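Subject: Model handover

Hello,

Here is the model I promised. Please look it over; my notes follow below.

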Amino acid sequence: MCSFTVSAESSDAFSWNAKLGRGINLGNFLESKRGKTWMGEPKAEYFDLMQQAGFDSVRIPVRWSAYTAAEAPYRIEPDFLKRVDGVIDEVLSRGMLAVVNVHHFEEFMHAPETEKPRLLAIWKQLSEHYQDYPPELFFETLNEPVDNVSPEFWNACQNEIIAVIRQSNPKRMIQVSSLGWNRIDKLPLLELPPDPYLIASVHFYDPHPFTHQGASWVDYDPPVGRKFPQSDKEKLQIKRNLDQAAAWSKEHGIPINVGEFGAFSKADMDSRIRWTRFVREEFEQRGFSWNYWEFGSSFGIYDARKGEWRLGLVAALLGKESAQALQRR
Ligand code: BGC
């Protein structure tokens, strides 16, 4: 299993990862609960804004499980599929890369054995549906496998997903997820087939009590007020964790995408900007591509209500010149 080294072919994966480059998440839209989105409909204007800012890619989290039949063959509702097609087309037609995933499949996290057939059926349908799409569309197997999903189960299941996708998409880039909220320190648990078109997807929210302060969905209730950085040691720890991921990537010949990172709006803006700039630069120094979490909601770099960029965050992600260019528009 996962012991292949960089070959001429897997160097393609590194160049595709470089094209993924600096990206954004279309968070709080299509992964919201059935029937409503947390952000309204994704407007064409948002994709213009992403393109103008200079993003290379858009990760599109999708809650497919809310739009599939409960019984085999677990048909995806055609209208919903069309909606997602529309979003993918908005991204690709602006020259950005698109990553589509399976997000918030909560039933799977609670009962992985029971729900595995549905996950595989979702991927069979998506693979066949998108097989003629350009290679700039990537697939990501599953967001944040947690709860009752054990490493052994996940390795076997993810490899089955890859096999299902490969039946119709022999060379499409697939992002594979590490366990425990896509944690970096769980990368060594991954066992993957010798497939040269894989990218490992990790999420980075450390220190979690800083990035998630005041977040109602976090069970330990991280208190508001923590700044970043608290000490140089904190920064050193981040660098060490990222070094581990870089070493894993080199050893296995699999590039890294940081598919999510961001700091929630309850932290003070100066600390958020410092953290975002610091980790973004550290990712880039190690050759990781990234997708900031997220565009226009509570971590957002864009204030959708006011119709304004949060320019400090834009500068932290894309540089001062990009922020100044957006300000002049
Ligand atoms: C979840 C979001 C959450 C974010 C940060 C994402 O994977 O989908 O709901 O805001 O992580 O915790």
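F29, L30, S32, K33, K36, T37, Y67, F80 and R83 line the largest cavity. A cavity here is a set of points on a 1 Å grid over the protein atoms alone where a 1.4 Å probe fits but cannot get out, and lining residues have an atom within 4 Å of a point. The volume of the largest cavity is about 30 Å³, taken as the space filled by probe spheres set on the points. Its lining has 4 nonpolar, 2 polar and 3 charged residues.

This is a predicted model: local features need pLDDT of at least 70, side-chain atom pairs count only at pLDDT 80 or more, and totals for chains, interfaces and linings use all residues. Residues are numbered from 1 along each chain as its sequence is written, and side-chain values use heavy atoms, without hydrogens or water.

Now the helix pairs. Helix α5 (residues 112-130) and helix α6 (residues 151-168) cross at roughly 20°, their axes coming within 8 Å. Therefore α5 is roughly parallel to α6 (angles under 35 degrees count as such). The crossing is right-handed. Among the contacting residues are L119, L120 and W123 of α5 and F153, W154 and C157 of α6; contact means heavy atoms within 4.5 Å.

Helix α9 (residues 232-252) packs on helix α10 (residues 269-285) at about 30°, with axes 10 Å apart. So α9 is also roughly parallel to α10. This crossing, too, is right-handed. K235, I238, K239 and L242 of α9 meet W275, F278, V279, E282 and F283 of α10. That contact has 6 nonpolar, no polar and 3 charged residues.

Best wishes

Key:
Axes fitted to C-alpha atoms, helices over the stretch in contact; angles between N-to-C directions. Helix = DSSP H or I, 4+ residues; strand = E, 2+ residues; numbered from the N terminus. Parallel < 35°, antiparallel > 145°, perpendicular 65-115°, else oblique. Left-handed = near helix turned anticlockwise from the far one by under 90°. Nonpolar A, V, L, I, M, F, W, Y, C, P; charged D, E, K, R; others polar. 1 Å grid on protein atoms, 1.4 Å probe; cavity = no way out; pocket = protein on both sides within 12 Å on 5 of 7 lines; lining within 4 Å.
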